[in-house]
Amino acid sequence: MHSPKPLILVSNDDGITSLGIRTLVALMQELGEVVVVAPDSPQSGMGHAITIGEPLRLHATEIFKDVRAYECSGTPADCVKLGKHYVLKDRTPDLVVSGINHGSNSSISILYSGTMSAAIEAAIEGIPAIGFSLCDFTPNADFSHVKSYILQIARAVLENGLPKGVALNVNFPKKSGKPLKGTRICRQTNGKWQEEFEKRKDPHGRSYFWMAGQFVNYDEGMEDTDEWALANNYAAVVPCQYDMTSYSTVELMKKWSLEEKEAES
């Protein structure tokens, strides 16, 4: 007797019509039963935003052949919530995958990433999850060099699972003349965006701001980081968790006498 196919929920932040999600859906069809719930428009940089002040709209679409799919007016996190609690109802996905994002989500970008928010939302629900991103922002990005890696990583998670509350942040270098060297299990690079805000005027003379800037890598040269792996033509895999507690600081602050002492009886 054959076991049922794994149930895989797919989402993204570039929108349901992007080439990245079309590529990911086709790959996941090789591994299991696929259901898609994705934004109806681009939601890049939304982080873990959810929709609370206006209605959420969900519409079935036939954009993917032989795949049950829905476009949602909300954020990537909204999509996973609706996918789990409404679209799939009593069925729990074996895996949630998000992407393939057009653009990197390495280092600090994970905090701003809609792609990774979908994966982290699944992790909050106790579902193994992976966010896939390619360091190529162009709409017609070439994903051909990462397909086998995506299948390998997704299979490994389906077979082995992930610790509760953990999602994988997987980033791939842009396609070049050389094949990828392999996969590196990394830590998140200690870096940040050094923003600059250019003040401009619109045609009506009203001021507005345009954000620009550059990435600052405080771990330059450290070979255990995702930025190093990408710069050296490796697929970078970073296990992430939504528990942001600094446990070492908890123990440190207990020495500060901030906590109220129990009243003496």
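Colleague: Are H2 and H3 roughly parallel or roughly antiparallel to each other?

Modeller: This is a predicted model: local features need pLDDT of at least 70, side-chain atom pairs count only at pLDDT 80 or more, and totals for chains, interfaces and linings use all residues. Residues are numbered from 1 along each chain as its sequence is written; side-chain values use heavy atoms, leaving out hydrogens and water. The axes (lines fitted to C-alpha atoms over the stretch in contact, angles from 0 to 180 degrees between N-to-C directions) of H2 (residues 76-87) and H3 (residues 114-124) cross at roughly 30° and come within 7 Å. Angles under 35 degrees count as roughly parallel and over 145 as roughly antiparallel, and H2 and H3 are therefore roughly parallel.

Colleague: What distance does H4 reach from its first C-alpha to its last?

Modeller: Helices here are DSSP runs (H or I, at least four residues) and strands are E runs of at least two, numbered from the N terminus. H4 covers residues 147-160, which is 14 residues. Its reach is close to the span expected at 1.5 Å a residue (1.5 Å times one less than the number of residues), and it comes to 20 Å.

Colleague: Which helix do the buried residues of H4 pack against?

Modeller: The buried residues (under 20% relative accessible area; exposed is over 50%, 1.4 Å probe, protein chains only) are Tyr149, Ile150, Leu151, Ile153, Ala154 and Val157. Their partners include strands E5 (95-102), E6 (129-134), E7 (166-172), E8 (183-185) and E11 (235-241). The helix they pack against is H1 (19-28).

Colleague: Which residue does a cis peptide bond join to Gly99?

Modeller: Omega of this bond is about -10°.

Colleague: What is the relative accessible area of Asp66?

Modeller: Asp66 has a positive phi of about 60° although it is not a glycine. Its loop runs between strand E3 (58-61) and strand E4 (68-72). Asp66 is exposed, at 72%.

Colleague: And what is the relative accessible area of Lys89?

Modeller: Lys89 is not a glycine, yet its phi is positive, about 50°. Lys89 sits in the loop between H2 and E5. Lys89 is exposed, at 56%.

Methods:
Parallel < 35°, antiparallel > 145°, perpendicular 65-115°, else oblique. Contact = heavy atoms within 4.5 Å.
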